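Open the structure in your viewer and get ready to select residues. This tour goes stop by stop.

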2 protein chains.
Amino acid sequence: MGNFCVELKKVVDDSYEIETGFELENKLIEDLQNGLVGNIKKFAVITDSIVKDLYATRILGLLNDAGFKADMFVFEAGEKSKVRKTKEEIEDAMLLKGFRRDCCIIAVGGGVVTDLAGFIAGTYGRGVPFINYATTLLAAADASVGGKTAVDTPLATNLIGLFNQPEKVYIDIATWKTLPERQIYSGMSETIKHACLASSEFFNYLEQHMEQILGIEKDACVRIAEENCKIKYNVVMKDEKESGLREVLNLGHTVGRAIETVSDYRLLHGEAVAIGLVAEVHLSHKLGYMTEEEMNRVVALIEKAKLPVSIPDYINREDLVKKLYTDKKVRDGKLRFVVQKGIGNVVEFEPGVFATFVSEEQAREIIGEI
Amino acid sequence: MGNFCVELKKVVDDSYEIETGFELENKLIEDLQNGLVGNIKKFAVITDSIVKDLYATRILGLLNDAGFKADMFVFEAGEKSKVRKTKEEIEDAMLLKGFRRDCCIIAVGGGVVTDLAGFIAGTYGRGVPFINYATTLLAAADASVGGKTAVDTPLATNLIGLFNQPEKVYIDIATWKTLPERQIYSGMSETIKHACLASSEFFNYLEQHMEQILGIEKDACVRIAEENCKIKYNVVMKDEKESGLREVLNLGHTVGRAIETVSDYRLLHGEAVAIGLVAEVHLSHKLGYMTEEEMNRVVALIEKAKLPVSIPDYINREDLVKKLYTDKKVRDGKLRFVVQKGIGNVVEFEPGVFATFVSEEQAREIIGEI
């Protein structure tokens with residue numbers, strides 16, 4: 001009978017700044033005093049049980065000293081906490097403390113914290129602003145650009161969530177010094193992935209400076225934090241909603257994510273991705289897109305970062321093959337992989353298509369090799 | 001050390017069409033075949049236990065007949081289902097059925113269904129498209145324009161959710177005939193609210209045509225469906241994120257939502273809002289913004305729609321006063337009300353400010369009067 005058009009075309013500006021440096025806690029407070037999030041005076045600091053004592057309590061204290069109303073919400077550290085139940089518990093705790101829509105969330109921690117807190121911010125009061133204070137290399141590499149937030153469910157990782165851009169990201173390199181060594185190494189896999197897919201020059205740099213990086217030397221760390229942001233930004237900018245190009249960031253993740261789940265999170269995300277990268281350079285070599293020498297360089301760099309390059313014995317290979325089918329790139333029930341091309345590039349199979357179908361047999365073969 | 005700006009400025013077009021008519025099921029299928037949601041071939045029909053047999057099963061059948069892959073996800077009818085647990089169960093059921101990011105959600109039902117399904121769509125795979133097939137007057141009046149989706153929690157109604165615009169809204173007036181009478185009356189309260197705050201002409205129309213409307217006569221129903229959309233649209237367009245003007249849509253809801261909760265949902269949303277409107281015209285009269293005659297006209301119109309105009313005896317008045325403080329308009333711990341001005345207008349207290357502080361004593365007084 002009647003048609004009515006709801007016109008909702010508008011310009012949206014989600015731009016934000018990433019600040020990289022040493023001990024940025026006071027800078028954060030200063031920015032808030034200077035109106036980073038407007039007139040908001042109430043802050044919910046979300047963190048995990050490890051980062052709480054290391055940094056979050058200090059930030060909470062600084063917020064209170066500055067006259068803001070601030071509370072801290074802590075969950076058990078680890079990927080297993082990145083679930084709907086934790087989101088719910090934090091929401092209820094915030095409601096109980098009287099937080100309404102006039103608040104801002106500050107995520108202090110690694111990738112799990114920023115993913116979870118960003119998701120909470122996106123649905124609390126239908127969206128409140130949030131700030132990421134990244135305390136791990138992985139968060140710096142992975143969570144600072146892209147706006148992806150999510151939780152895991154028993155049936156899928158990262159499938160429930162939303163795109164949500166922070167007001168600002170702080171990458172505090174000083175915090176990396178307090179990371180357990182295994183976390184530092186783990187964080188390097190996303191960095192290596194970025195070099196593999198986008199920059200042979202950065203790959204060379206990593207080959208030459210791995211010791212300085214793992215020793216958390218200032219210049220080397222600033223360089224990798226910035227390169228990570230730049231590479232990811234260039235990809236994400238061109239494809240914010242992950243329709244085509246953005247799939248390249250999935251390099252190493254097809255096998256990586258599956259191993260992470262099958263290991264029941266005994267492997268850290270970065271360790272699993274490292275193994276995934278090894279699997280995928282084998283695939284690339286097999287498909288003729290990488291020489292054996294190039295393949296070996298990638299494996300050597302991963303080893304140099306003290307990351308695993310083969311599948312642990314406790315992983316059931318058949319479970320792993322089955323798990324591959326839960327990957328989000330799967331289409332019409334068939335596996336799809338991003339394929340590296342030499343060092344610093346990926347294969348574009350058709351214009352805008354950066355993943356190719358791979359048979360289960362091929363997948364089983366490369367998994368058998370490593 | 002280094003600052004990096006992530007530039008994310010862009011034009012977003014969330015425009016969509018609202019189609020009002022009789023028996024629009026085939027039109028929906030036709031629109032999908034003509035690319036309403038692009039190439040998507042998988043549909044999740046979300047509905048409640050009442051609407052399932054009335055319409056959703058039929059729509060599911062038409063989808064399957066048209067060659068689409070479609071499944072239906074049903075939850076127990078009622079406001080009590082609008083919670084995170086139901087969201088979680090539907091998500092898990094969709095995952096189990098193999099729904100990934102290449103699907104579209106079709107909400108078939110009233111306000112609870114459209115609120116819940118719109119929220120699920122917003123976070124499933126970080127956002128999939130959704131369509132609203134509204135089968136109640138309330139959904140037509142309330143949920144078709146505005147993009148508000150949410151669930152309730154024990155501590156707050158509608159506080160966890162997001163703004164999410166549908167691809168299209170169908171208002172099928174034929175479905176109103178199958179509504180229980182109480183639901184039809186309940187649906188009128190949002191319509192009366194719209195007339196109260198925006199149009200004395202529409203208010204006159206309602207006074208003169210209430211019988212035809214409650215008898216679901218075609219012309220009268222189309223008129224109210226369209227007026228509801230127009231009034232709400234004019235408000236929402238000017239203030240999509242509910243910073244100021246949009247609060248006018250909260251007329252009658254300060255007391256209404258509180259009564260709804262304190263009644264433990266024995267009162268339907270619309271019934272509670274009707275009582276809330278009565279409370280708030282009393283407030284308006286007391287503050288000098290409405291004559292006694294205008295106040296009585298509003299109360300009479302509500303009665304004509306067979307809606308309650310006084311607080312049921314089983315409601316504890318003190319519990320109700322306490323509950324008012326959980327309202328989202330509360331600021332600095334103080335109650336705030338939208339105030340009607342004559343018929344068809346609201347008070348703008350300062351430029352852009354449409355709610356005013358009201359003391360607990362004043363609130364208790366008007367609650368005592370009705």
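At 7% relative accessibility, does Lys87(B) count as buried or exposed? Lys87(B) counts as buried (buried means under 20% relative accessible area, exposed over 50%, partly exposed in between, with a 1.4 Å probe and protein chains only).

Before going on, note that this is a predicted model, where local features need pLDDT of at least 70, side-chain atom pairs count only at pLDDT 80 or more, and totals for chains, interfaces and linings use all residues. Residues are numbered from 1 along each chain as its sequence is written, chains are lettered from A and ligands numbered from 1 in the order in which they are written, and side-chain values use heavy atoms, without hydrogens or water.

Helices here are DSSP runs of H or I with at least four residues, numbered from the N terminus. Glu91(B) is buried too, with a relative accessible area of 0%.

**Stop two: helix 3 of chain A**

Now select Glu89(A) and Lys85(A). Their side chains meet in a salt bridge, 2.8 Å from N to O. The two are four residues apart in helix 3 (residues 84–96) of chain A, so about one helical turn separates them. Glu89(A) is partly exposed at 45%, while Lys85(A) is exposed at 55%.

**Stop three: a link across the sequence**

Select Arg297(A) and Glu207(A). They form a salt bridge, with the closest N and O atoms 2.8 Å apart. Arg297(A) is in helix 11 of chain A and Glu207(A) in helix 7 (residues 200–214) of chain A, so the pair ties together parts 90 residues apart in sequence. Arg297(A) is partly exposed at 26%, and Glu207(A) is partly exposed at 22%. Over all chains, the count comes to 58 salt bridges.

**Stop four: two helices side by side**

Select residues 269–286 and 292–304 of chain A, which are helix 10 and helix 11. Their axes come within 9 Å and cross at roughly 175 degrees. That makes the two helices roughly antiparallel (angles over 145 degrees, on a scale from 0 to 180 degrees between N-to-C directions, with axes fitted to C-alpha atoms over the stretch in contact).

Which residues meet here? From helix 10 of chain A they include Leu277(A) and Val281(A); from helix 11 of chain A, they include Met295(A) and Ile302(A). Contact means heavy atoms within 4.5 Å.

Definitions and conventions
Parallel < 35°, antiparallel > 145°, perpendicular 65-115°, else oblique. Salt bridge = Lys/Arg side-chain N within 4 Å of Asp/Glu carboxyl O.
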